[in-house]
Amino acid sequence: MRGERRKRDGRIEWRRWDPTKSKVAAALQRTKGGPSELLPQTGSTCLYLGASSGGTVSHIHDIVCGAGNHHGGQVVAVEISPRMMRDLAALAEGRNGLVPVLGDARCPEMVAPFIRGRADWIHQDLSIADQAETFVRMAVAFLAPGGVGLLSLKAASERASDGDDDSRFAKAERILGESELEVVERIDLAGLEEQHVVFRCALGAL
Amino acid sequence: MRSGWAVKIHYDWRLSRVLDEDGNVLDVILWDARRTPSTLAERLSMIQAGRLLPETRTLLERFPEATPDPLGAMSDPNWPEPEEGEANLLQEATTILAKRGVADAAGNIDRRLDMLVSATAELRSAWTTNEARCVEWAGLFITEADLDNQRTMIPLAIADAPNIDGAATALGVAPPAHAPTEIEWAALKSHASGVVTSSQRLQEHEDAIREIASDYIPSLSALMGPLGAAKLVVLAGGRERLARMPSGSLQVLGAHAAMAAHRRGAPPPKHGAILFSMPQVSHSPRWVRGKIARFLAGKASIAVRVDHFDGVPWDQEQIDGINGEVEAIKAKFPKPPKRG
């Protein structure tokens, strides 16, 4: 990542995960539960929708796959913009287990051919309207039972007719609540990432 | 006899399977061709595009009542685990696909127009500032020059002259009372050459836009000129989006601030920047501009749909007809409305 601070300690390299640049890192700081509950397990299958140039994805990959993918994990990173995919594809070349997918993160069929099974961890970070509906569709299609679903909701991307930020967040929370998902925690990122809320969800009991 | 509706085909890039409603495997075909990253990339892009793999198609011929389920394999508890080397093969294939997708972006005319139109807009804004500065700077010394009528000649004269007296002579006026120092003249001269070069670059940029727009959006270009047509496409975020846009939205493209004010209660804008740049709108009396803008936006909307959905491009006859109707609107409202 650009301007990233690193520290070397023998064979181990530490990378600073900046909470003002990564919504997942911000959510880790702001969650009221245990931060590790927000993160994927080592060696698990992860789906990242709206990967951009792969800043956060690289940290998730560190956790899930490790160098050379010695943990045997898979991180499927979906991004629609060719400009961002350029950087993401370059990142994936040095990171075994990171699968870059150029396509629309709103279509399950676009993603399904690349993922090895249901995902234990999903993060969606898309700047489009109807983020909550999209997340429900994707999480229902891909999330494994007991898996963690994170939705980074950007208020400014929702339609202006939905009212102010608070009512947009409330609308999203209602959509999530009425779906097959269950909202475990609503994490407000104010101070680190403005107008953003992260919803931590799980597949509810059907 | 079993009813066919529950028979499914689950598949991924490695194999396709027919399953009955109890999950029993009825038939299976493995992908047994030589596995290379590029052949796998082909298969993945087939699945992504919603097309069926050859194995899936063969199974569908054997079981015509079965339904292929693209998401089925993922949740199938009996689906085979990835074998040794398969993860690496997938990794290489996805890198090929991602790079191909990045390369294919250059085939998209919308993206190319966006680069050209944005580069032209930035160049023009820099050019206006520099050209004005150049004329004022030269005018400070050459007091006899006519800064309005000789405006276009001034940067050329400075750029080509050996000194300020030579520039004055080239402009046909008396030499100045005060001359710049040698190094000051060098700065003025290179500033003027910059203006001359950027005029040429601007010309080249606009020629490129004209060529692409006349081919990509011929009807819209005929109606409102290729430069304005290209700007509309870029503002809308692509030809398809412009073609699917209501004409009321097209009418106010380029009037972002006015639309934002309208949402807070101000009166709606009559037209965006692009429509206003059409002489039919900007050279009409203000009380008919809204009517003409609305009419032209409707026509522009039809024109871009003709272009996008493979219609027959408009010829001059249709454009003349539209301009005739604009004149009719103006003739119908010769006087400003009475305020009451």
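Modeller: Happy to. This is a predicted model. Of the 17 residues of α17(B), the number buried is one, so this helix lies largely in the open.

Biologist: What makes a residue of α17(B) count as buried?

Modeller: A buried residue has 20 or more other C-beta atoms within 10 Å of its own. In α17(B) the number of such residues is one, out of 17.

Biologist: How do you know that the length of α17(B) agrees with what a helix should span?

Modeller: The expected span is 1.5 Å times one less than the number of residues. For the 17 residues of α17(B), residues 316-332, that gives 24 Å, and the end C-alpha atoms are 24 Å apart, so the two agree.

Biologist: Why is α8(B) called roughly perpendicular to α10(B)?

Modeller: The axes of α8(B) (residues 182-216) and α10(B) (residues 226-236) cross at roughly 75° and come within 9 Å. Angles of 65 to 115 degrees count as roughly perpendicular, so α8(B) is roughly perpendicular to α10(B).

Biologist: Which residues meet there?

Modeller: From α8(B) come E206(B), I209(B), R210(B), A213(B) and S214(B), and they meet P226(B), L227(B), A229(B) and A230(B) of α10(B). By class, this contact has six nonpolar residues, one polar and two charged.

Biologist: What makes two chains count as touching, and how many residues of chain B are in contact with chain A?

Modeller: Two residues are in contact if their C-beta atoms lie within 7 Å. On that basis 22 residues of chain B are in contact with 24 residues of chain A. On the chain B side, α1, α3 and α4 each give two or more residues, and α4(B) gives the most, with nine. That side has 12 nonpolar, seven polar and three charged residues.

Biologist: Which residues touch the most other members of the largest nonpolar core?

Modeller: They are L47(A), Y48(A), V75(A), V76(A) and A77(A), in a core of 80 residues. Helix α5(A), residues 131-142, gives the most to this core, with seven residues. A second, separate core has 37 residues, including A213(B) and L220(B).

Biologist: What does V75(A) contact beyond its neighbours in sequence?

Modeller: Leaving aside neighbours within four places, its contacts include C46(A), Y48(A), V57(A), I60(A) and L98(A).

Biologist: And which residues of α1(A) are buried?

Modeller: In this helix, residues 23-30, they are K23(A), V24(A), A25(A), A26(A) and A27(A). They pack against α2, β6, β7, β8 and β9 of chain A.

Conventions: Residues numbered from 1 in each chain as written. Chains lettered and ligands numbered in written order. Predicted model: local features only at pLDDT ≥ 70, side-chain atom pairs only at ≥ 80, totals over all residues. Axes fitted to C-alpha atoms, helices over the stretch in contact; angles between N-to-C directions. Helix = DSSP H or I, 4+ residues; strand = E, 2+ residues; numbered from the N terminus. Parallel < 35°, antiparallel > 145°, perpendicular 65-115°, else oblique. Nonpolar A, V, L, I, M, F, W, Y, C, P; charged D, E, K, R; others polar. Buried ≥ 20, exposed ≤ 12 C-beta atoms within 10 Å, placed from the backbone. Core = buried A, V, L, I, M, F, W, Y, C linked by C-beta atoms within 7 Å.
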